[in-house]
Amino acid sequence: MKPIREKEATLVDLLDRLLDKGLVLNADLVITMGDVPLIGINLKAAIAGMETMLQYGLMREFDKEVSEEREAYLVKSEA
């Protein structure tokens, strides 16, 4: 995938690209005091639309649970 650079982009364009392509953040933070590490934080986050998440194998369990709850609700409301 090659980077795409546009001179002007609106917030809607950025949001559309974020949901379509996704964004992955990996961060390691260490809080120190007097050269002594006190707290270590490892952060991993993925931001994307549900279709993109499912395409890459993320959030499948959540999607399955939501789909099952929706089906149960629809069956219940039809009765």
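## Exercises on a predicted chain

V36 has a relative accessible area of 44%, which makes this residue partly exposed. Keep in mind that the model is predicted. With that starting point, let's work through some exercises.

### Exercise 1: From V36 to a patch

Task: Find the strand that holds V36, then work out which strand gives the most to the nonpolar patch.

Solution: 
- Step one: V36 sits in strand β2.
- Step two: check the class of V36. Partly exposed is the band between under 20% (buried) and over 50% (exposed), and V36 has 44%.
- Step three: list the patch members. L29, I31, M33, V36, L38, I39, I41 and L43 make a nonpolar surface patch of about 750 Å².
- Step four: assign them to elements. Both β1 (23–33) and β2 (36–47) supply at least two residues each.
- Step five: with five residues, β2 gives the most to this nonpolar patch.

### Exercise 2: The negative patch

Task: Name the residues of the negative surface patch, and decide which helix gives the most to the patch.

Solution: 
- Step one: the negative charge gathers on the surface at D13, D16, D20 and E51.
- Step two: helix α1 covers residues 11–21 and gives the most, with three residues.
- D20 belongs to helix α1, and counts as partly exposed because its relative accessibility is 47%.

### Exercise 3: Compact or spread out?

Task: Describe the order of helices and strands in the protein chain, then judge whether the chain is compact or more spread out than a globule.

Solution: 
- Step one: count the elements. The protein chain has three helices and two strands.
- Step three: compare the radius of gyration with the globule rule. The value for the protein chain is 20 Å, well over the 12 Å that the rule gives for 79 residues, so the chain is more spread out than a compact globule.
- Step four: look at the extents. The C-alpha trace spans about 65 × 40 × 20 Å along its principal axes.
- Step five: turn to burial. Of the 79 residues in the protein chain, 5% are buried.

Note on methods:
Residues are numbered from 1 along each chain as its sequence is written. This is a predicted model: local features need pLDDT of at least 70, side-chain atom pairs count only at pLDDT 80 or more; totals for chains, interfaces and linings use all residues. Side-chain values use heavy atoms; hydrogens and water are left out. Patches are made of residues with over 30% relative accessible area and no salt bridge: like charges are joined within 9 Å, nonpolar side chains (Val, Leu, Ile, Met, Phe, Trp, Tyr) within 5 Å. Accessible areas come from the Shrake-Rupley method with a 1.4 Å probe; for residues, only the protein chains shown count as cover. A salt bridge is a side-chain nitrogen of Lys or Arg within 4 Å of a carboxyl oxygen of Asp or Glu. Lys and Arg count as positive and Asp and Glu as negative; His and the chain ends are not counted. The place of a charge is taken as NZ of Lys, CZ of Arg, CG of Asp or CD of Glu. Helices (H or I, at least four residues) and strands (E, at least two) are DSSP runs, numbered from the N terminus. Buried means under 20% relative accessible area, exposed over 50%, partly exposed in between (1.4 Å probe, protein chains only). The radius of gyration is taken over C-alpha atoms; the globule rule is 2.2 Å times the number of residues to the power 0.38.
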